Amino acid sequence: MPQEQEECGWVKHGDHGRTIVAAIAMATVVPVTSMGITGQDLESEESLWDLYERWCAFNEVAREPDEKLMRFSIFKQNVRFIHENNQGDARSKLGLNIFADKTHAELPKVEADCTSAGHLPYHFDYMPHTAITNEDLPDRVDWRDHHAVTSVKNQGQYCGACWAFVAAGAVEGITAIKTGKLEDLSPQMLVDCDKANLGCRCGESWRALDFIKKNRIATDRAYPYDGIQRRCHMRADGLSRFASIEGFHVVYGSERALMAAVAIQPVIVEIGLDIYFHYYSEDMGMYTGPCNKTITHAILVVGYGTDAFLRRYWILKNSWGTK
């Protein structure tokens, strides 16, 4: 990750009974695919319409005729924004992902004000200094290589449940590390049943972890996600609940502290997103774009490393699907 990047967020992490919060610089993301843009695509209205039709097919997007015309107008603006960004020595290359025909005003609905890292309870325990300073850290960590990361999920456009997906993801990771069993856990159970949070409206991942500590969490097979907050149907006998944690810690606000936490397990991060982040995709390379000082989204750190250009990076798992 480039050294000049400013820190832009907060983090949480869990071991088989621990979860951590800390600061983070910019990162790479796993995995999001998109379409590129050529000069020919911009030559005429016809070529732009053809690009839009290909984008709709690629993303399996269906629009009614009137809405399609309206969305095409937005799409053209975003195409030009992305194309202009990608010219020359752009810090981060952008692509035509699933957000390409949405206005900038619509994009925050995806996060729905998920996080509030500035309101952490004062009584949180911090990760011991000895875990940060007394050990040599590995040069590279990628929990995908150790079968501790499930597939990328999609929280949906209208449910601000990033807080639930990262909490489930952190517990998935540490459960796999400790037991050898990687199982998709249920964000929907958290959305429906964690009354300390506000379902699809917003939530805080530390509250979700506290819920899991007290109640355990079901698998996604037992309690599947549908992107709508519904009545809680958690079994009173707890037999449908697969995993739990014992508690959580906070990480001190340094890059080394976060590395030390990620070397143990996947870590929850709360970040401030810039508009550029919404158009990032993995096939465009490492994301090194700007960040927002306001915390708006929660995401899972599943690794870190250094690329061929000696740029240090974080590997992040998002909950916006793979397109």
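Is Phe-75 buried or exposed? Phe-75 is buried, with a relative accessible area of 0%; buried here means under 20%, exposed over 50% and partly exposed in between, using a 1.4 Å probe on protein chains only. Keep in mind that this is a predicted model, where local features need pLDDT of at least 70, side-chain atom pairs count only at pLDDT 80 or more, and totals for chains, interfaces and linings use all residues. Residues are numbered from 1 along each chain as its sequence is written, and side-chain values use heavy atoms, leaving out hydrogens and water.

Helices are DSSP runs of H or I with at least four residues, numbered from the N terminus. Trp-55 is buried too. Ring pairs also join Trp-49, Tyr-52, Trp-55, Phe-72 and Phe-75 into a cluster.

Zooming out, the largest nonpolar core has 78 residues, and Trp-55 and Phe-75 are among those with the most contacts inside it. Such a core is a set of buried Ala, Val, Leu, Ile, Met, Phe, Trp, Tyr and Cys residues joined through side-chain atoms within 4.5 Å. Helix α5 (residues 162–179) gives the most to this core, with 10 residues.

Note on methods
Helices (H or I, at least four residues) and strands (E, at least two) are DSSP runs, numbered from the N terminus. Rings of Phe, Tyr and Trp (its six-membered ring) pair if their centres lie within 6.5 Å; planes under 30 degrees apart count as stacked, over 60 as edge-to-face and the rest as tilted.
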